[in-house]
Amino acid sequence: MKLLEEVQLKPVESLKGKDLLTLLDYTSEEVQSLIQLATQLKTVTKQGKCPRLLEGKTLGMIFEKSSTRTRVSFEVGMQQLGGYGMYMNARDMQIGRGEPVSDTGRVLSGYLDGIMIRANSHAMVEELAEHATIPVINGLTDLDHPCQALADLETIAENKGALKGLKIAYVGDGNNVAHALVVAAAHVGMHVAVATPAGYECNATIIAQAQQIALANGGSILTTTDPVEAVQNADAIYADVWTSMGQEEETEQRLKDFNGYQINDALVAHAKPDYMFLHCLPAHREEEVATSVIDGPNSYIFEQAENRLHAQKAILISLLS
């Protein structure tokens, strides 16, 4: 802890030993503290002072879905913190051959200090967390992507100076990324507008829960089918692919259904002139976003991607140290 005190960093003590399955399980203070810690960790890391708070700790990283940012950021984050990130492809494990998730959770709890899992089913991750006796971190499921949302808000905070009262617009599929973003933004008092085509709306239960959180923090949530309404006077505009992993057979239909939802120069003209464009990546240029926008001066996608590393470290320190 001495080095931690020297660089004036504080883990979120209330999260020690807990899971991160969804930010709905965290208080607004905890979410805000994680974002602040991520920003501090970014600063000290660039100064060469990243504290090795996880010396001797091992994080098991289970992947049912392929990954670039999640795998590299968690693996590098553990290394920078003095620990070890162990990559495990689900197909190479007994869980991929039918071993009960409950058994896997119990077994891994005897070897590891924490589990990060990038999975197809949110219910499976909940079951894993129920039976594991060590922290389980949701690296992505079909329902939620909390680690991504923390990096997103870290990026906005660094460039806008504050989060409360800002407006963020999400245009596209009401998917896991949208769910995580809405909840995270509600925790920090942002105004969120989500524009999706009919039939692709966000989960109604998640939106209702986020509405209550937003209300308590002075924020708001708007859902609409009109992209122009969503981006009007926005401080940030967010996109994700229209067809996610596992939905490839729906590509042709989705291209038709999302016609008119591309984030392009005409649409962003309704936002504030200094709006930030964000995308969780990978992106399909000229589908959900025009090349002129994603590669333009208002795009922060690569800083956003880098911040996955620092947000992950904030999570790891708080849950595992």
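Tutor: Ground rules: the model is predicted, so local features need pLDDT of at least 70, side-chain atom pairs count only at pLDDT 80 or more, and totals for chains, interfaces and linings use all residues. Residues are numbered from 1 along each chain as its sequence is written, and side-chain values use heavy atoms, with hydrogens and water left out.

Student: OK, what makes H6 oblique to H7?

Tutor: Helix H6 (residues 146–160) and helix H7 (residues 176–187) pack at about 50 degrees, with axes 8 Å apart. Axes are lines fitted to C-alpha atoms, for helices over the stretch in contact, and angles run from 0 to 180 degrees between N-to-C directions. Under 35 degrees counts as roughly parallel, over 145 as roughly antiparallel, 65 to 115 as roughly perpendicular, and the rest as oblique. So the angle of about 50 degrees lands in the rest, and H6 is oblique to H7.

Student: How do you know which residues of H6 and H7 meet?

Tutor: Contact means heavy atoms within 4.5 Å. Pro146, Ala149, Asp152 and Leu153 of H6 meet Ala180, Leu181, Ala184 and Ala185 of H7. By class, that contact has seven nonpolar residues, no polar ones and one charged. Ala, Val, Leu, Ile, Met, Phe, Trp, Tyr, Cys and Pro count as nonpolar, Asp, Glu, Lys and Arg as charged, and the others, Gly among them, as polar.

Student: And why are H2 and H6 called roughly perpendicular?

Tutor: The axes of helix H2 (residues 28–46) and H6 cross at roughly 65 degrees and come within 9 Å. The perpendicular class is 65 to 115, and H2 and H6 are therefore put in it. On the H2 side the contact includes Val31, Leu34 and Ile35, and on the H6 side Leu150 and Glu158 are among the residues. Sorted by class, the contact of H2 with H6 has six nonpolar, one polar and three charged residues.

Student: Switching to sheets: what makes S7 and S9 edge strands?

Tutor: The open sheet has five strands in the order S7-S6-S5-S8-S9, paired parallel. Two strands pair if DSSP finds at least two bridges between them. Strand S7 (220–224) and strand S9 (276–279) each have a single partner strand, so one side of each is left without a neighbour in the sheet.

Student: How do you know that S5 and S6 pair?

Tutor: Five bridges join strand S5 (residues 167–171) to strand S6 (residues 191–195), which run parallel. The rule asks for at least two, and S5 and S6 have five.

Student: Which strands does H7 touch?

Tutor: H7 packs on the sheet against S5, S6, S7 and S8, and its direction makes about 170 degrees with that of S5.

Student: Last one: why is the pair of Tyr200 and Phe258 called tilted?

Tutor: Rings of Phe, Tyr and Trp (its six-membered ring) pair if their centres lie within 6.5 Å; planes under 30 degrees apart count as stacked, over 60 as edge-to-face and the rest as tilted. Tyr200 and Phe258 sit 4.7 Å centre to centre with 55 degrees between the planes, hence a tilted pair. Tyr200 is in the loop between S6 and helix H8 (204–217), and Phe258 in the loop between helix H10 (251–257) and helix H11 (265–268), so the pair ties together parts 58 residues apart in sequence. By this rule the count comes to five aromatic pairs.

Key. Helix = DSSP H or I, 4+ residues; strand = E, 2+ residues; numbered from the N terminus.
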